[in-house]
Amino acid sequence: MERFIVRGTGELKGSVRVSGSKNAALPILCATILCGEEIVLEDVPELKDVEILCDVLRGLGVKVEHKDKNLYVINAENITNTVTGEELMSKMRASFCVMGPLLSRMGHTGNALPGGCAIGTRPIDLHIKGFKALGAEVSISKGMVNASAEKLIGDDIYLDFPSVGATQNIMMAAVLAEGETTIENAAMEPEVVDLSNFLNKMGAEVRGAGTSTIKIRGVKKLHGCRHQIIPDRIEAGTFMILAAATGGDIIIENVITSHMRPVIAKLKECGVNISENGDTINVSHHGRVKSFDIKTLPYPGMPTDMQAQFMALATIAEGTSVVIETVFENRFMHADEFKRMGANINIDGRTAIVQGVEKLRAAKVKATDLRCGAALIIAALTVKGETEIGDVYHIDRGYEDVIEKFRALGADIERVM
Ligand SMILES: CC(=O)N[C@H]1[C@@H](OP(=O)(O)OP(=O)(O)OC[C@H]2O[C@@H](n3ccc(=O)[nH]c3=O)[C@H](O)[C@@H]2O)O[C@H](CO)[C@@H](O)[C@@H]1O
Ligand SMILES: C=C(OP(=O)(O)O)C(=O)O
């Protein structure tokens with residue numbers, strides 16, 4: 001099993017370019033199934049999740065060419081299979097987003113239940129509710145979700161929770177359906193907007209993405225296009241917290257700053273210096289940050305995918321911070337890892353009370369999931385001594401060139417077998 005060895009070096013300085021967004025790229029790769037012409041995707045991050053999803057697409061008969069770094073050319077002219085088994089589906093969450101496009105284009109599909117970060121039970125009932133509303137028959141048997149429909153017909157769908165994946169899957173099912181679909185209480189995340197922009201470039205008629213009501217008028221056929229994936233707001237936020245935690249001075253390039261409002265506001269509240277200039281953010285800080293409270297929420301609230309990194313910062317903040325997780329019911333596993341490094345954290349249900357300590361200490365820890373892994377790198381870079389982070393395959397699911405990017409900022413980090 002690969003591990004990272006991290007040695008704290010104090011302040012980190014320099015600039016880093018944010019990669020394309022994992023959570024935007026994955027559903028867009030799924031959406032290529034909807035059309036039988038060539039699609040060119042730019043700024044696709046080189047990540048384990050992308051590799052796995054490309055294998056899923058190839059298994060369906062889709063031609064996926066990795067032309068150059070971050071550049072993919074995809075053609076789904078010949079779909080030869082509509083079923084994906086457990087081996088690939090269980091490795092990630094977004095793989096389940098092949099379901100909507102396959103149902104829409106082929107009229108049937110079978111997929112094993114999806115995997116992804118173990119941060120809660122992560123049901124798929126809202127995806128299924130949407131497919132059923134569009135007229136599909138859906139059944140679950142022996143870990144496979146099977147769906148079929150002679151034709152899909154638009155309907156009004158109210159989501160009990162603004163689920164990102166369900167919104168995206170239903171949007172993709174609806175673009176080739178007959179008539180109009182309305183998704184109410186839809187997720188408003190930038191990754192939903194990027195998917196909508198991509199679908200519209202292919203000739204779909206999707207309106208309202210980025211608000212809580214999305215309307216999709218079904219069209220008969222989609223065509224090829226070229227699309228550039230938006231920058232990863234979670235990777236950007238991770239580097240912002242790195243600067244705040246290590247007392248560094250980091251310039252983060254390729255950022256859509258409007259996607260970063262909750263993170264920018266919270267870090268300013270902690271006393272961190274932040275300046276924005278076009279698509280660049282400069283974050284600098286000296287000494288300990290002030291303690292803070294955060295509560296994760298659907299967009300435009302504080303992203304749950306930033307919660308572990310903020311908790312890493314809270315462990316060394318001056319005073320007591322409160323972290324409330326409202327999106328996933330089991331997303332505090334990183335707390336035990338921080339405790340191994342000397343953090344003072346008490347958890348009660350979905351609330352973590354973090355009493356900041358002056359310094360953490362080096363320890364042997366484990367990335368229990370993707371963002372836990374990123375948060376542990378941040379924590380490890382604030383301490384003297386050598387921290388060993390295990391299970392780093394989680395980190396490789398979501399951070400492109402992770403070792404190279406941290407090293408370019410002056411971090412002492414290496415990957416060992
Ligand atoms: C690949 C991808 O884009 N992953 C992101 C996506 O995950 P994902 O799309 O899985 O997250 P959702 O927005 O669907 O989940 C949010 C909440 O809704 C619940 N729920 C979801 C679907 C459903 O059918 N029923 C149901 O109850 C979930 O259990 C969870 O409590 O959005 C999350 C919330 O911003 C992020 O943390 C993930 O990084
Ligand atoms: C939870 C995450 O990913 P996934 O939904 O792919 O498990 C994440 O990106 O933090």
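**Sheet, helix pair, domains and ligand shell**

Four strands make up an open sheet of mixed pairing, in the order E4-E5-E3-E14. Strands (E, at least two residues) and helices (H or I, at least four) are DSSP runs numbered from the N terminus; two strands pair if DSSP finds at least two bridges between them. The model is predicted: local features need pLDDT of at least 70, side-chain atom pairs count only at pLDDT 80 or more, and totals for chains, interfaces and linings use all residues. Residues are numbered from 1 along each chain as its sequence is written, while chains are lettered from A and ligands numbered from 1 in the order in which they are written.

Strand E4 (63-68) and strand E14 (225-228) are the edges of the sheet, each pairing on one side only. Neighbouring strands are turned by 20° against each other on average, direction ignored. E4 and strand E5 (residues 71-75) pair in the antiparallel sense over five bridges. His-66 stands opposite Tyr-72 in E5.

The axes of H1 and helix H2 (residues 48-59) come within 10 Å and cross at roughly 5°. H1 is therefore roughly parallel to H2 (angles under 35 degrees count as roughly parallel, over 145 as roughly antiparallel, 65 to 115 as roughly perpendicular and the rest as oblique). Axes are lines fitted to C-alpha atoms, for helices over the stretch in contact, and angles run from 0 to 180 degrees between N-to-C directions. H1 contributes Lys-22, Ala-25, Leu-26 and Leu-29 to the contact, and H2 contributes Asp-49, Val-50, Leu-53 and Leu-57. Two residues are in contact if their C-beta atoms, placed from the backbone, lie within 7 Å. By class, this contact has six nonpolar, no polar and two charged residues. Ala, Val, Leu, Ile, Met, Phe, Trp, Tyr, Cys and Pro count as nonpolar, Asp, Glu, Lys and Arg as charged, and the others, Gly among them, as polar.

The protein chain is assigned domain 1 (1-17 + 230-414) and domain 2 (20-226); the bounds come from an automatic or database domain assignment. Their centres, taken over C-alpha atoms, are 30 Å apart. The contact takes 19 residues from domain 1 and 20 residues from domain 2. On the domain 1 side, eight are nonpolar, three polar and eight charged.

Ligand 1 is surrounded by 22 residues, the closest being Asn-23, Leu-126, Ser-163, Val-164 and Gly-165 (C-beta atom, placed from the backbone, within 6 Å of the molecule). Helix H1 (22-31), helix H5 (125-133) and helix H6 (164-174) each give two or more residues to this shell. The shell holds 11 nonpolar, six polar and five charged residues. Domain 1 and domain 2 each supply at least three.
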